Amino acid sequence: MYVAVKGGERAIDNAHAWLAEERRGDQAVPELGVAQIRAQLALAVNRVMAEGSLYDPDLAALAIKQARGDLIEAIFLIRAYRTTLPRLGESRPVDTGAMACDRRISATFKDAPGGQVLGPTFDYTHRLLDFELAAEGAAPRARTAPATSEPMPRITDFLNRDGLIQPETVSDAAPPDLTREPLEFPANRALRLQALARGDEGFLLGMAYSTQRGYGRNHPFVGELRVGRVKVEMDIPELGLACEIGEIELTECETVNQFNGSKTEPPQFTRGYGLSFGHTERKAISMALVDRALRWEELGEEDTGAAAQDAEFVLYHADNIQASGFLEHIKLPHYVDFQSELELVRRIRAEAEAHADTEAAR
Amino acid sequence: MTQSDQYNFAYLDEQTKRMIRRALLKALAVPGYQVPFASREMPMPYGWGTGGVQVSAAVLTPEDRLKVIDQGADDTTNAVSIRKFFEKTARVETTGHTVEATVIQTRHRIPEEPLGEGQILVYQVPIPEPLRFLEPRETETRKMHALEEYGLMHVKLYEDIARHGEIATAYAYPVKVEGRYVMDPSPIPKFDNPKMEMAAIQLFGAGREQRIYAVPPYSRVESLDFEDHPFCASKADHPCALCGALDSYLDEVIMDDDGGRMFVCSDTDYCAARQAAGHLGAMAASDGQEERR
């Protein structure tokens, strides 16, 4: 009994060996390749990159394989790996206005320059299990339209032109970085957005949903949702110019929200903003709604006490690596603290019983 | 290339270690004050000792001898895991003997053997804020510390006495360091609190909560209490079944379905050393010794 409690090295080694065997599963079934995961489970790869804060589809696919498909575990692997990477420099801000869009929709205007582009979306599929997929046949190729160079201006810029939407303040200040500095409050919008961008999709979805149901309601419309590739450029001091170092896929969502105006501002529309790695639109839309809810103070709105309006609440609990680690740590032995509680409860109970006995004897 | 060659000494890069060391120096200069630091994601989960691991990584030198304990024991699974991590990434010597260690990382216990100058005790801390369960907001609790406004804590302790006849906190019992900051000693049993006035350096790391704090050697560490309800360090009222110690903290072990139980030292090194020196408890001669092998 005693040895069983104090586990030891061999138990850990054996557990790891068993885990490796379970990961591989039935040997009669071909092994899953990292390239297959990258290509065919791309949305899982995207989520791992977004919440892992590291844009590398191959590593994300490897992490998913290693984690047996547990995405939070995969995100954890990526985050831990990220810690060991040196910071070589900072890119220039990416220009999502110049995005090569695979998808671009607006819910606020029927049509706009650049048009509505559905792209590869689940949106209008009927959620019927497709048993043909189980047969593993070759998929028919979709027809492709020729690429156009037609610009896709932002929808919110049209509103901006008429002064109907609150302009965003332009700033060249270096944004705070919560992966290098401890999170402290009050957190400015750039810091909040950074925290939301790597926050748990499920948590943000729940928070965003709560605002729609009235806990900090802010009447959002999807002004624009775009998914596509943007160039990443970096200033190279030795060359004295910015060089393109690569391309990444992003999802950007701008919501247009009602704002009743305040003492100093006339009624106008305001924005919520979401941006995340890969094709991750549920995440980007949720992020935009939560971002907007957190802006109540700067917009002079009322604090209704809603959870989504509370920056400390949202930012301290959005990170699934922090949350799952702390939640699961209660699996670790706690018998020392439990022992002290046990003695305390026994002592207090004994005192209470003794007290009851003397009362009864009276 | 082996896996350990791919990482810097003790896993963290030198810039990160420097950042942590600066936080440690500040923490030592302001005993009991929680210094925010940019905690990194470690290859073990938050809540499993990432704060302690980062502090250990920042203070370890190749000449150090490391001991890792969890619940007082060197062979509990997470202690084994953390010790292996440093064996792999720092290749430092490790030991189970308290007296031989220069750095001891601990979770939930202070070793029974008094620590001396030249030793560092690194605590893993889950919730560094002693006021957290009275006030959930960090912005508020920081203000309370700044203003030395600890009334809420005293009210809580008083309410305990009113309700239970004593202070109903058995572990993570709050202390005041050098008469200034109220500090969470991490979830050690209150039995260990008096040991915190020691010759060794005590460093506390909370990774998820991004805080580091410290108690310099020979600092005054008072457990909060009232004049008419003085602090009392309690433990199970038994001798250790294996080594007969009367002065050590005991774990209760259930032995059978009929409620049979034994009490043994939670500090495995202390217990083994006593047994080696010929101190034997009631169950040592029979199954106790066998079980421990």
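In the hairpin formed by strands S11(B) and S12(B), six residues lie between the strands, and B:Gly259 takes a positive phi near 85 degrees. The model is predicted: local features require pLDDT of at least 70 and side-chain atom pairs count only at pLDDT 80 or more, whereas totals for chains, interfaces and linings use all residues. Residues are numbered from 1 along each chain as its sequence is written, and chains are lettered from A in the order in which they are written.

Strand S11 (residues 250-254) of chain B pairs with S12(B) in the antiparallel sense over five bridges, pairing being assigned if DSSP finds at least two bridges between two strands. Helices (H or I, at least four residues) and strands (E, at least two) are DSSP runs, numbered from the N terminus. B:Asp251 stands opposite B:Val264 in S12(B). Strand S12 (residues 261-265) of chain B is mostly covered, with four of its five residues buried; a residue is buried if 20 or more other C-beta atoms, placed from the backbone, lie within 10 Å of its own.

Helix H5 (residues 151-164) of chain B comprises 14 residues and reaches 20 Å from its first C-alpha to its last, close to the 20 Å expected at 1.5 Å a residue. The expected span is 1.5 Å times one less than the number of residues. Just after H5(B), B:Gly165 adopts a positive phi of about 85 degrees.

The largest nonpolar core contains 114 residues, of which A:Val48, A:Ala60, A:Val290 and B:Leu24 touch the most other members. Such a core is a set of buried Ala, Val, Leu, Ile, Met, Phe, Trp, Tyr and Cys residues joined through C-beta atoms within 7 Å. Helix H11 (residues 281-294) of chain A provides the largest share of this core, eight residues. Apart from it lies another core, of 15 residues, among them B:Ala241, B:Leu242, B:Phe263 and B:Tyr270.

In chain A, the axes of helix H4 (residues 42-52) and helix H5 (residues 57-66) come within 9 Å and cross at roughly 105 degrees. Helix H4(A) is therefore roughly perpendicular to H5(A), a class that covers angles of 65 to 115 degrees. Axes are lines fitted to C-alpha atoms, for helices over the stretch in contact, and angles run from 0 to 180 degrees between N-to-C directions.

The contact between the chains takes 44 residues from chain A and 47 residues from chain B, two residues being in contact if their C-beta atoms, placed from the backbone, lie within 7 Å. On the side of chain A that touches chain B, the largest share, 11 residues, comes from H14(A).

Technical notes: A residue is buried if 20 or more other C-beta atoms lie within 10 Å of its own, exposed if 12 or fewer, and partly exposed in between; C-beta atoms are placed from the backbone. Angles under 35 degrees count as roughly parallel, over 145 as roughly antiparallel, 65 to 115 as roughly perpendicular and the rest as oblique.
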